[in-house]
Amino acid sequence: MKVGIVLSGGGIRGIAHLGVLKAFSNLGITFSHISGTSAGAIAGAFFAAGIDPEEGLNIFLKTKLWRFVRPAVGSLGLINIENTALILKEYFTEDSIEKLKIPLTIAAVNFSEGRLVYFTKGPLIRAIHASSCIPGIFKPIMIDGQMYVDGGILNNFPVEPLMDECDFIIGSSCNHLKPVDKITGITNLMGRAGIMSINHDMERKAKFCNVLIEPKGLGAISTFDMKRAEDIYWLAHEEALITIKNSPTISELITK
């Protein structure tokens with residue numbers, strides 16, 4: 001049986017995907033295809049390259065990956081995400097999507113043409129940068145003379161590439177929002193509105209998943225709150241274990 005997993009975008013919350021992947025890999029479940037956007041593309045790339053999910057967490061913690069992000073003065077974005085290539089090249093030495101151990105699809109947006117793009121071959125790090133490039137925060141990534149930005153703009157939960165490739169699809173979303181009584185500050189207001197928008201689309205696409213892992217309340221964590229990295233990982237790991245325990249379909253998958 002071909003098992004695929006789709007990993008949503010979500011900034012630092014994407015570390016949740018590593019916790020989910022660890023739970024499944026500990027049970028001996030292997031994936032025939034991974035699809036991801038933004039942070040989901042990064043987590044998916046680590047796993048597809050054969051890096052243990054817990055080691056992936058340690059990479060974030062020990063390298064402080066975001067410290068490689070530097071201002072891009074005079075550009076269309078405040079930050080140049082391409083500086084993270086210095087650390088990513090240490091772990092993706094071949095820098096090729098085709099050379100990964102598990103097929104990976106990375107969703108990004110061709111901003112020049114206003115269309116969704118799926119990278120399934122070519123330079124891996126460039127595709128990761130394109131998929132993670134939040135407009136207005138990061139400088140657009142140039143590929144073949146075209147501007148590319150965060151895939152989450154048009155598809156934050158790219159389940160579509162898995163639908164014809166896999167018999168069983170697992171979804172991992174890291175943007176769940178709990179009800180609130182009040183909002184303090186315009187930043188929190190806009191952030192919550194943005195997550196509500198992408199979650200609306202995700203809820204529709206979740207119907208194509210056999211199982212969905214969605215740790216409660218992660219959407220309230222800031223996109224760049226690196227201090228919460230370990231909390232996010234273990235919350236997601238625990239949620240995955242609970243879902244696995246309570247899901248007859250996953251139990252069948254394990255026994256097979």
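**Aromatic pairs**

Tutor: Phe60 has a relative accessible area of 8%, which makes this residue buried. The model is a predicted one. Phe46 is buried as well, at 2% relative accessibility. A search of the whole structure gives 7 aromatic pairs, and one of them joins Phe46 to Phe60 in an edge-to-face arrangement, with 6.0 Å from centre to centre and 75 degrees between the planes. The pair connects distant parts of the chain: Phe46 belongs to helix α2 (residues 39–48) and Phe60 to helix α3 (residues 53–63), 14 residues apart. Phe46 and Phe60 also belong to a cluster, linked by ring pairs, that includes Tyr91 and Phe92.

Another pair is made by Phe119 and Tyr148. The arrangement here is tilted, at 5.7 Å centre to centre and 50 degrees between the planes. This pair, too, links distant parts of the chain, with Phe119 in strand β6 (residues 115–119) and Tyr148 in strand β8 (residues 146–150), 29 residues apart. Phe119 has a relative accessible area of 14% and is therefore buried, the cut-off being under 20%. Tyr148 counts as buried at 8% relative accessibility.

As for the setting of these pairs, the protein has 9 helices and 10 strands. Its radius of gyration is 17 Å, close to the 18 Å given by the globule rule for 256 residues, so the protein is as compact as a globular protein of that length. Buried residues make up 53% of the 256 residues. Of the contacts with a separation of 6 or more, 74% are between residues 24 or more positions apart.

Terms used
Residues are numbered from 1 along each chain as its sequence is written. This is a predicted model: local features need pLDDT of at least 70, side-chain atom pairs count only at pLDDT 80 or more; totals for chains, interfaces and linings use all residues. Side-chain values use heavy atoms; hydrogens and water are left out. Helices (H or I, at least four residues) and strands (E, at least two) are DSSP runs, numbered from the N terminus. The radius of gyration is taken over C-alpha atoms; the globule rule is 2.2 Å times the number of residues to the power 0.38. Buried means under 20% relative accessible area, exposed over 50%, partly exposed in between (1.4 Å probe, protein chains only). Contact means heavy atoms within 4.5 Å. Rings of Phe, Tyr and Trp (its six-membered ring) pair if their centres lie within 6.5 Å; planes under 30 degrees apart count as stacked, over 60 as edge-to-face and the rest as tilted.
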